[in-house]
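Hi,

Here is the structure I promised to pass on to you. Have a look at it, and then read on for what turned up in it.

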Amino acid sequence: MTFWLSKILWAVISPVNLAAILLALGVGLGPFFRRVGYGLCACALAIIVVFGVLPTGTNLVAWLERQVPAPASLPGEITGIIVLGGMFETRLYNEVSGPQLNENVDRALKAMEIGRKYPNAKLVFSGGSGFLTENSRTEDMDVADFLARQGFPLDNVLFENESRNTYENILNSKELIRPGVGETWILITSAFHMPRAMAVANELGWTDIIPVPVDYRTSGQYRIAPRRLDVLGEMYRSSIAIKEIIGLNAYRFLGRA
């Protein structure tokens, strides 16, 4: 129920969708209720300015990325690596006859890099399907195909393909590998997503896991004014940041982080 509710609510309140909905309502109601129509259009314009013109998204993402710094170095030996999903466009696999990586590709690349450095370490890819529909293909299928095409050995690779969100990623991975005392595990995900992932891990008692954030979207510096007009890019950064902040607070409310 929580999974479905989160998907439906986000489809409405994400900045781009919300602005489009308000604008459509404003234009539709304008001929009949002029003041209401103008008000809705003004709200839509305000959302575009705040989250698309001003560097709001950049600053929010920078704030998230600064929460969990990357380690200065990794230990000499590790037990394994957990990689959170969201790297592949699974619904495109059959259409293009192969795995299609998205903007989170650094998760997979860093996993392969560290995996080659520690050939005896286990490598766990966690991710099923996060879609409400067209979810017959899970991400582990694309990951296995991608690794094979790159010549990466699959001997120590494990797949967790039941999770649909961050909480289930961490919970299912922990139940799959059952980390023991003294084991050293690394967690890989995007830097803006790492605060929520680590909060879940800590809540589940996995306090000694080492975070390795990747896929930085900003330089980590805050801005007062935008460097250039990039409405779509800024709206995208605003969307991923707001989604993470809402998700983290929702998890805290539910006792998951």
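This is a predicted model: local features need pLDDT of at least 70, side-chain atom pairs count only at pLDDT 80 or more; totals for chains, interfaces and linings use all residues.

**Around F125**

Residues are numbered from 1 along each chain as its sequence is written, and side-chain values use heavy atoms, with hydrogens and water left out.

**Cores**

F125 and I188 have the most contacts inside the largest nonpolar core, a set of 23 residues. A nonpolar core is made of buried Ala, Val, Leu, Ile, Met, Phe, Trp, Tyr and Cys residues joined through side-chain atoms within 4.5 Å, and buried means under 20% relative accessible area with a 1.4 Å probe, protein chains only. At least two residues each come from β1 (80-84), α6 (105-117), β2 (122-126), α7 (139-149), β4 (185-190) and β5 (210-214). Helices (H or I, at least four residues) and strands (E, at least two) are DSSP runs, numbered from the N terminus. The largest share of the core, four residues, is from α6. There is also a second, separate core of 17 residues, with V68, L84, A197 and A201 among them.

**Sheet**

Five strands make an open sheet with parallel pairing, in the order β3-β2-β1-β4-β5; two strands pair if DSSP finds at least two bridges between them. At the edges are β3 (157-160) and β5, each pairing on one side only. From one strand to the next, the twist averages 20°. Between the parallel strands β1 and β4 there are four bridges, and I82 has L187 as its bridge partner in β4.

**Helices**

Two helices lie across the strands. Helix α9 (residues 194-203) lies across β1, β4 and β5, at about 145° to β4. Axes are lines fitted to C-alpha atoms, for helices over the stretch in contact, and angles run from 0 to 180 degrees between N-to-C directions.

Elsewhere, α3 (residues 34-53) packs with α10 (residues 231-254) at about 90°, their axes 7 Å apart. That makes α3 roughly perpendicular to α10, a label for angles of 65 to 115 degrees. The contact involves I47, I48, F51, G52 and V53 of α3 and V231, E234, M235, S238 and I242 of α10.

Happy browsing!

Terms used. Angles under 35 degrees count as roughly parallel, over 145 as roughly antiparallel, 65 to 115 as roughly perpendicular and the rest as oblique. Contact means heavy atoms within 4.5 Å. Buried means under 20% relative accessible area, exposed over 50%, partly exposed in between (1.4 Å probe, protein chains only).
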